[in-house]
Amino acid sequence: MSVIKQCLVSHTLLLITMLVAPFSVLAEESKFNMPRGVTEISEEVYDIHMLVFYICCVIGIAVFAVMFYSLLKHRKSVGAVPSQFHDNTAVEIIWTLVPTLILVLIAVPATKTLLKIEVDREADMSIKVTGWQWKWQYEYLDEDISFFSNLSEASNQARQRASGIDPSTVENYLLDVDNPVVIPVNTRVRFLVTSADVIHSWWVPALGWKQDAIPGFINTAWTEVKEPGIYRGQCAELCGKDHGYMPVVLEAKSQADYAEWVKEQQRKQEEAMLASGRDWSMDELMSRGEKIYTANCAACHQANGEGIGMFPALKGSPVATQGSVEEHTKLVLNGLNAMPAFGAQLNDADIAAIVTYERNAWGNDVGDMIQPSAVKALR
Amino acid sequence: MSTAITHEEEHHEDLTGWRRWVFATNHKDIGTMYLWFSFAMFLLGGAFALVIRAELFVPGLQLVEPDFFNQMTTMHGLIMVFGAVMPATVGMANWMVPLMIGAPDMALPRMNNWSFWILPFAFSLLVSTFFMEGGAPAFGWTFYAPLSTTFAPSTTDFFIFGVHLMGFSSIMGSINIIATILNLRAPGMTLMKLPLFVWTWLITAFLLIAVMPVLAGAVTMMLMDRNFGTSFFDAAGGGDPVLFQHVFWFFGHPEVYIMILPAFGIVSQIIPTFARKPLFGYASMVYAVAAIAFLSFIVWAHHMFAVGMPVAGELYFMYATTLIAIPTGVKVFNWVATMWRGAMTFETPMLFAIAFVVLFTIGGLSGLMLGVAPADKQYHDTYFVVAHFHYVLVTGAVFALMAGTYYWLPKWTGYMYDERLGKIHFWISTISVNVLFFPMHFSGLAGMPRRIPDYAVQFADWNFLSSVGGFVFGFSQLLFFYIVIKAIRGGEPATNRVWEGAEGLEWTLSSPPPHHSFTVPPEVR
């Protein structure tokens, strides 16, 4: 008897926890629930989410209430005598029809919002988003701006195994990048989402949707952010070993600030162009090479050049120590098997820096170097 | 005893030692092997899950490299789906279908042997990749191309052949079950008198035969892309990576029903027994299972609301998906109505069955939420999805399998299991499994993607809780193992009927049943 009583108490407690938990936690929004977001779409998506959630709670509570009443009253130990009914057409029709009506009730707003999300009318500006293993590339089609967005250096250092850095001391740990994508507020922005290698998924919860980035496809999605701010998300589709380390950071600026930012970016692009046109010294190439290598190559070939798993070591490798600098450069430009073609990602100066660095770091000490102009000739 | 029986027994060669198992043709021996195999895989897949939960215990990367973490999530999924849940349901079918329909054995005993013995080889191929250069599959149990083709290590070919072998095994097992149910029923056992477990397995077997070849097709195309220069899924060669997802989920969605329908069947056997009252709405239960099976073929792309389908496609898949709630609701309502005004007792099988109804319903309701396409654009690929499918697969399918094990264990072994330990196992499992999976709803909604080895610090509390629950749940299954071993070794002898309210042919036989279950077909009225 006491066992049953105990069971009963725990059962009830369990039920209460499960049913009450979702309600009581709504007060403290972000930790428990979907963000309401900063666009009309995200707010509608949130409302549908809450509508369906409440409907599910009502259904759940009703079903479990009947069941637990039965568990209490219709037990052999309280002298219940089993009745032998096993059919009731009226009841069965009701509990088929009522759920059907509820589904229609859900379908109406869901359809409306879905149509709104998917309608692809003319946007004010377009940004091409390309997923790479493991970073995002943003190209502003009308402004001639293009850049990559990598996990921030602070997060990248802390995320290494046994780094000894406490993640809670790193600001926006794993949700911070070097170059966020910037858009103006109250502007309809179209995103053209694609991938250069495997499938990724571009997701900022505050916008209310995620969109897969698929090689060979250009998916479109759009947003219109109401408030300036920084909104953070992550790649949502498993894309290989560093899937967890390619966050999406979107910065919405006022129209004026955005125009300022565009000018700044265009100035930077120009500078980079000039840099590729001149000759570099060995020291310049090495110090730039280390930086670019860390951001682009170290994820696979490792910071110490020793490689890991299926990714080969560069330290002492034939390509970096015995082959010609031209062959080495071509490999970096065009890629091989799982290695992407970096020619599409980096400018001539960066490629020259990486190749020079790989040939002279970690005791490779080949001693030769390549100039950006020579890289250009090999493209 | 009739002369027919004596005649049979004289000619029966009793294999002993290892020959009994390697050359097994008896449905009970093969069923036993299936069940032990699946339990071993359950522990292996569970060990992988504990590596995942250990790494996710606190933010930061402490134990394993990201690539190995991905191997863990992938192998956990593959082993649990193909190695633990599926073979366990086949094992129960092997044991119980002949007993329930009044047959002497399965219709095709030698094929039965083959379909089991393929499995250890299939999983050896799969697990051997851990010891090779490149490591085990690390692209998720859904192995989306091109991550699993152009970008995967050479060990992927072992995975592909492993999946091929699992497919052979499943298809042969299914043919056997269909042949048995359609041909070996006792006189008077019409289709609409079949116990629900038999019905659910009949329908599951057809699902398997329909979709395992589709899976085989998907992995064969992968094999061609990887080794023979085709471009089925390679955009650079004119192929289509999204095609892979369509083909995979055309298999994958029925697959989830392949795992849950036999669980429905088990629970539909147990609840009437302990409510001492016939199953409510038998016919509607059968129709609901058939309806769910049919719907499972036409909803696959609800796993793909983020790939950029045309809006008409998204609308269709949303409507079709939410329709599944109707027959599923019918089943839940019928179980509750079966309890209603019964005279219930709460032995361990009933406790697990009740927990199944509650927790599976929670998983079903979050499934309804996921089916709503605009909201799924947020939920997709987050821990909310992980919470959902673990509620339907662990507290759904696995709880039903545990319920079935306790329910039939006295019939299988001839001894009662230790009821007190069974209840302790139930309570520890039920509480810890909710501590494990319920917080995942919150971390998912708050924005945590699935399949990541490390996470932003705002998800730390939920992950900590989940990990605590995970370790308790994982280790409490060793108690289950002990209880089963204890019952096999002896205990209070079980009667033929075992449970006061049990109805059906299987309870007319001795516990354990004779070698050739029914040598003379029983008469069913």
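Visitor: How many helices and how many strands are there in chain B?
Guide: This is a predicted model, and in it chain B has 16 helices and 0 strands.

Visitor: How do you know whether the radius of gyration of chain B agrees with that of a compact globule?
Guide: A compact globule of 525 residues would have a radius of gyration near 24 Å; chain B has 23 Å, and therefore the two agree. Along the principal axes, the C-alpha atoms of chain B fill a box of roughly 70 × 50 × 45 Å. Buried residues account for 69% of the 525 residues in this chain. Of the contacts in chain B between residues at least 6 apart in sequence, 83% join residues at least 24 apart.

Visitor: Why is Arg451(B) called buried?
Guide: Buried means under 20% relative accessible area. Arg451(B) has 8%, so the term applies. This residue is found in the loop between helix H15 (419-445) and H16 of chain B. Arg451(B) also has a positive phi of about 60 degrees, although it is not a glycine.

Visitor: Where is Leu174(A) found, and is it buried or exposed?
Guide: Leu174(A) is found in chain A, in the loop between helix H5 (153-159) and strand S4 (181-184). Its relative accessible area is 0%, which is under 20%, so Leu174(A) is buried.

Visitor: Why are strands S3 and S8 of chain A said to stand at the edges?
Guide: The open sheet has 5 strands in the order S3-S2-S1-S5-S8 (chain A), with mixed pairing. Strand S3 (145-149) and strand S8 (219-223) each have a single partner strand, so one side of each is left without a neighbour in the sheet. On average, neighbouring strands of this sheet are turned by 25 degrees against each other, direction ignored.

Visitor: What makes S5 and S8 of chain A a pair?
Guide: Pairing needs at least two bridges. Strand S5 (residues 189-195) is joined to S8(A) by 5 bridges, and the two run antiparallel. Val189(A) stands opposite Thr223(A) in S8(A).

Visitor: Which strands does helix H6 of chain A lie across?
Guide: Helix H6 (residues 255-277) lies across S1, S2 and S3 of chain A, running at about 90 degrees to S3(A).

Visitor: Which residues touch the most other members of the largest nonpolar core?
Guide: Tyr140(A), Trp202(A) and Phe82(B) do so, in a core of 272 residues. This core draws at least three residues from each of domain 1 (3-77 + 86-118) and domain 2 (125-259) of chain A. A second, separate core of 24 residues includes Tyr293(A) and Ile370(A).

Visitor: What is Trp202(A) in contact with, leaving aside its neighbours within four places in sequence?
Guide: Its contacts include Val129(A), Trp136(A), Phe191(A), Trp209(A) and Leu250(A).

Methods
Residues numbered from 1 in each chain as written. Chains lettered and ligands numbered in written order. Predicted model: local features only at pLDDT ≥ 70, side-chain atom pairs only at ≥ 80, totals over all residues. Heavy atoms only, no water. Helix = DSSP H or I, 4+ residues; strand = E, 2+ residues; numbered from the N terminus. Buried < 20%, exposed > 50% of the residue type's maximum accessible area, 1.4 Å probe, protein only. Core = buried A, V, L, I, M, F, W, Y, C linked by side-chain atoms within 4.5 Å. Domains from an automatic or database assignment. Contact = heavy atoms within 4.5 Å. Axes fitted to C-alpha atoms, helices over the stretch in contact; angles between N-to-C directions. Rg over C-alpha atoms; globule rule 2.2 N^0.38 Å.
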